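Work through these exercises with the structure in view. Try each task before you read its solution.

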Amino acid sequence: MTIHQYADTYETSADRALRVSDETLARLARCSSGSLTTQLFKRGFRQPAFVGLRAMSRDTKPFAGRAYTMRFIPAREDIDTYGTMTTKPNGDNLQWQGVEQVQPGDVLVIDSRNDPSAASAGNILVTRLLARGARAIVTDGALRDGSEIADLPLPAYAREITATTRISYHHVADLQVPIACAGIAVYPGDVIVGDADGLTLVPAHLAEELANVCLEQDDIEHYLAMRIAAGEPLWGVYPPAPQAVADYRDWIAAGRPDIPSVIAKGDN
């Protein structure tokens, strides 16, 4: 199969995926990870968080983007050599092809088999992703050039930082196919929501629904947190009893006034 046939195959696969709108992505980026994971749990998704992956920069701003997937297999000595790192596209180096297919609003998600022995990418590839309008890069392996990547405005997540080149341990086998990343099944077009604390996966078909309910949950929890900070006990306030929810509606109708401090009632 030629590299052009590879491109046609993967673009067709991506086209079949449900495309989450930019407007929905913008709303999901405003949702807290706590609300997202809670609402996903209510819908049967036990573990939607990418456990163990950390942001390269603590200044990472919240974002949401569509997953563009890349799958690694172990490198093989007769294939993964510097001879494959040519200045022209070739079937033995799909990583460059994948980076050049990423579209604005995409998040490059790499299945590195949870192996940080070699870097999944470095500063130059991440810089190219930034130029193409990507929202983030995520790998369950390692990145190289960590300090340089941390200075870029593109969010980047990995298990480790290592200088070892990718082709020492990893071969790019597929683009835009279902993958595993940090133990989570990721399908092309799924939504990755992230911030400085971590990442959450939202299945594409639930994206709009969760954007609606999570923004409301965040708002009511902000109200409840103010009541707790004012001195009220947990019971009946969090999780909210029906009266607390009614109080929240009244608070909105009243124009969201400040909540005065009260005398703590204790754990009675």
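**Exercise 1. Find the contacts of Leu 143, leaving out residues up to four places away in sequence.**

Solution. Step 1: apply the cut-off, since contact means heavy atoms within 4.5 Å. Step 2: list the partners. A nonpolar core is a set of buried Ala, Val, Leu, Ile, Met, Phe, Trp, Tyr and Cys residues joined through side-chain atoms within 4.5 Å. Buried means under 20% relative accessible area, exposed over 50%, and partly exposed in between (1.4 Å probe, protein chains only). The largest nonpolar core has 22 residues, and Leu 143 is among those that touch the most other members, along with Met 70, Leu 108, Leu 129 and Ile 137. Helices (H or I, at least four residues) and strands (E, at least two) are DSSP runs, numbered from the N terminus. Step 5: look for another core. Apart from this one lies a core of 19 residues, including Leu 53, Ala 136, Ile 179 and Cys 181.

**Exercise 2. How far can you trust the model?**

Solution. Step 1: note the source. This is a predicted model, in which local features need pLDDT of at least 70 and side-chain atom pairs count only at pLDDT 80 or more, while totals for chains, interfaces and linings use all residues. Residues are numbered from 1 along each chain as its sequence is written, and side-chain values use heavy atoms, with hydrogens and water left out. Step 2: read the confidence. pLDDT is the predictor's confidence in each residue, from 0 to 100. The chain averages 90, and 88% of the residues score at least 70. Over residues 9-15 the pLDDT is below 50. Residues 264-268 also stay under 50.

**Exercise 3. Is Arg 66 buried or exposed?**

Solution. Step 1: locate Arg 66 in strand 2. Step 2: compare with the cut-off. Arg 66 has 4% relative accessibility, so it counts as buried. Step 3: check the surroundings. Beyond four places in sequence, Arg 66 touches 
Asp 22, Leu 25, Pro 104 and Asp 190, among others.

**Exercise 4. At what angle do helix 4 and helix 5 pack?**

Solution. Axes are lines fitted to C-alpha atoms, for helices over the stretch in contact, and angles run from 0 to 180 degrees between N-to-C directions. Step 2: read the values. The angle is about 25°, and the axes are 9 Å apart. Step 3: classify. Angles under 35 degrees count as roughly parallel, over 145 as roughly antiparallel, 65 to 115 as roughly perpendicular and the rest as oblique. Helix 4 is therefore roughly parallel to helix 5. Step 4: find the meeting residues. Gln 95, Trp 96, Val 99 and Glu 100 in helix 4 meet Leu 125, Arg 128 and Leu 129 in helix 5.

**Exercise 5. Why is strand 12 (residues 198-202) described as largely enclosed?**

Solution. Step 1: count. Strand 12 is largely enclosed by the rest of the structure because 5 of its 5 residues are buried. Step 2: sort by side. Gly 198, Thr 200 and Val 202 cover one face, and Leu 199 and Leu 201 the other.
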